[in-house]
Amino acid sequence: MDAIHARGVVHLDLRQRRNVLVDDAGVPRVIDFSSAVTVDPGGPLARRLAPVDRSGVLKYKRRFLPDSLTEDERRRLARVESWRRWWPFS
């Protein structure tokens, strides 16, 4: 996600399982950028929207590698999920 965000792209739909595939080498691949937006990589909009993508990554990490979540990641995921009910793209 860091590489995608560094290019000024925010996906916004990573929580949908169908948008993350795993190749034969076990590398996750992001597809379907139809909900994505381009932003200034360091700008205020990027700072507001990037956590949506990161929460998607943490969602999968919690599901598939739960023991690898740090306490900070658990808190960040809980914070995003607490306001996610207001997210219009659910």
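In this predicted model, the largest pocket has a volume of about 440 Å³. Of the 15 residues that line this pocket, Val20, Val22, Pro28, Val57 and Tyr60 are the closest to its centre. Helix α1 (2–6), strand β2, strand β3 (28–30) and helix α2 each supply at least two residues of the lining, and α2 gives the most, with 5 residues. Sorted by class, the lining holds 12 nonpolar residues, 1 polar residue and 2 charged residues.

One member, valine 39, lies in the loop between β4 (37–38) and α2 (44–64), and because its relative accessibility is 12%, below the 20% limit, valine 39 counts as buried. Leaving out residues up to four places away in sequence, valine 39 touches Gly8, Val10, Leu45 and Ala46. Valine 10, counted in the same way, touches His5, Ala36, Val37, Val39, Leu49, Ala50 and Asp53. The C-alpha atoms of valine 39 and leucine 69, on the other hand, are separated by 28 Å, although the two residues are 30 residues apart along the chain.

In one of them, arginine 15 and glutamate 81 meet with an N to O distance of 3.1 Å. This pair links distant parts of the chain, since arginine 15 sits in the loop between β1 and β2 while glutamate 81 belongs to helix α3 (residues 71–83), 66 residues apart. Arginine 15 is buried, with a relative accessible area of 14%, whereas glutamate 81 is partly exposed, at 28%. Beyond its neighbours within four places in sequence, arginine 15 is in contact with Ser55, Gly56, Lys59, Tyr60, Leu77, Glu81 and Arg84.

Another salt bridge joins lysine 61 and glutamate 73, whose closest N and O atoms are 2.9 Å apart; this pair links helix α2, where lysine 61 lies, to helix α3, where glutamate 73 lies, 12 residues apart. Lysine 61 counts as partly exposed at 22% relative accessibility, while glutamate 73, at 12%, counts as buried. Within helix α3, aspartate 72 and arginine 75 lie 3 residues apart, about one turn of the helix, and their side chains meet in a salt bridge of 3.9 Å, N to O. Aspartate 72 is partly exposed, with a relative accessible area of 38%, and arginine 75 counts as partly exposed at 47%. Salt bridges that share partners join Arg15, Arg62 and Glu81 into one network.

Definitions and conventions
Residues numbered from 1 in each chain as written. Predicted model: local features only at pLDDT ≥ 70, side-chain atom pairs only at ≥ 80, totals over all residues. Heavy atoms only, no water. Helix = DSSP H or I, 4+ residues; strand = E, 2+ residues; numbered from the N terminus. Buried < 20%, exposed > 50% of the residue type's maximum accessible area, 1.4 Å probe, protein only. Contact = heavy atoms within 4.5 Å. 1 Å grid on protein atoms, 1.4 Å probe; cavity = no way out; pocket = protein on both sides within 12 Å on 5 of 7 lines; lining within 4 Å. Points joined across faces, edges and corners; volume = space filled by probe spheres on them. Nonpolar A, V, L, I, M, F, W, Y, C, P; charged D, E, K, R; others polar. Salt bridge = Lys/Arg side-chain N within 4 Å of Asp/Glu carboxyl O.
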